[in-house]
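Please read this short report alongside the sequence and the model. It moves from the whole chain to a single residue.

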Amino acid sequence: MDDELIVAAIGAVRVLRLNRSEKLNALNPALLTALSAAFGAIEGDDTVRAVLLTGTGRGFCVGADLTQNQGGGLRDLGASIEQMYNPLVRRIRALDRPVIAAVNGVAAGAGVNLALAADIVLATESASFIQAFVRIGLIPDAGGTWFLPHLIGEARARGLAMTGEAISAQQAVDWGMIWRCLPDEGFAEAAMDFAQGMAARPTQSLAAMKRAFNQAATNTLDAQLDVERDLQRVMGRTPDFIEGVRAFIEKRPAAFTGAPPITR
Ligand code: T3D
């Protein structure tokens, strides 16, 4: 099958739709390879100003395809994580464009953590999030042991990981794990509208925010103040800053282009 991932360009939004609905979009090597290729293509394409990651059917993604482990033989899970999952999470975090995960249904295992790697997570109200790893004797991977305590604190992180209990989309919002829960009806359209809105924002500023937030996780306040100074210096040279100020003075909406900083 060669359509495990459906890739579509809608305006400046690149839509990546996981497409193994019969398996709730479980990740097999073909799908992981397609995701990697899709992000590689986005990295080299400045016309893309936002990425929307979502799934087909009633699931978003239920993590690794467990049928790979059937038969009793030992697989090197570390190799799979090193070659497939970790590069993907690093790519999403490092991408200089916003990534929006639209969680259209159940998310489990690495599927949850793939969503949490995104900059903004939207979920349909009937979606649920399950750190299912403990149910099969694993630990949260794809960044789970890092994302969870940072987003929701140690107590909830450990509780979710160690019990494997599901939480609803609304609970995920209430705990600060995701950005917003939206009605099931019209979810796909609402997520697309949101992504289009992100694509119309000042792309360079969003990219610089990602860089700053990535560094903030390990920096002292002192070091982070320097990071902000340096990034803001660059932002001050972007056409979108000039346009943003002009639009404010002229009392009209800004028309951002995402163009790079002026170097002269
Ligand atoms: O490379 C590596 O292996 C290392 C990386 C590991 C990272 C991981 O993500 S490990 C964790 C993997 N994920 C899970 O453990 C979740 C397993 N799935 C479930 O627990 C349940 O499916 C759900 C609670 C998520 C949903 O339950 P339900 O009742 O709504 O659906 P279902 O009937 O269980 O699933 C529907 C179909 O999807 C079913 O197929 P069938 O019987 O109709 O042919 C089911 O087998 C399949 N499916 C669901 N999850 C997976 C899967 N097939 C393969 N792998 C899955 N992870």
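## Overall fold and one residue

Taking contacts between residues at least 6 apart in sequence, 67% of those in the protein join residues at least 24 apart, where contact means heavy atoms within 4.5 Å. The model is predicted, so that local features need pLDDT of at least 70 and side-chain atom pairs count only at pLDDT 80 or more, while totals for chains, interfaces and linings use all residues. Residues are numbered from 1 along each chain as its sequence is written, and side-chain values use heavy atoms, with hydrogens and water left out.

The secondary structure comprises 10 helices and 10 strands, which are DSSP runs (helices H or I, at least four residues; strands E, at least two) numbered from the N terminus. The protein is as compact as a globular protein of its length, because its radius of gyration is close to the value from the globule rule for 264 residues; the radius is taken over C-alpha atoms, and the rule is 2.2 Å times the number of residues to the power 0.38.

| Property of the protein | Value |
|---|---|
| Radius of gyration | 19 Å |
| Span of the C-alpha trace along its principal axes | about 65 × 40 × 35 Å |

Of the 264 residues, 43% count as buried, meaning under 20% relative accessible area, with exposed over 50% and partly exposed in between (1.4 Å probe, protein chains only).

Glu243, which lies in helix H10 (residues 239–249), is buried, with a relative accessible area of 12%. Leaving aside residues up to four places away in sequence, Glu243 touches Arg252, Pro253, Ala254, Ala255 and Phe256.
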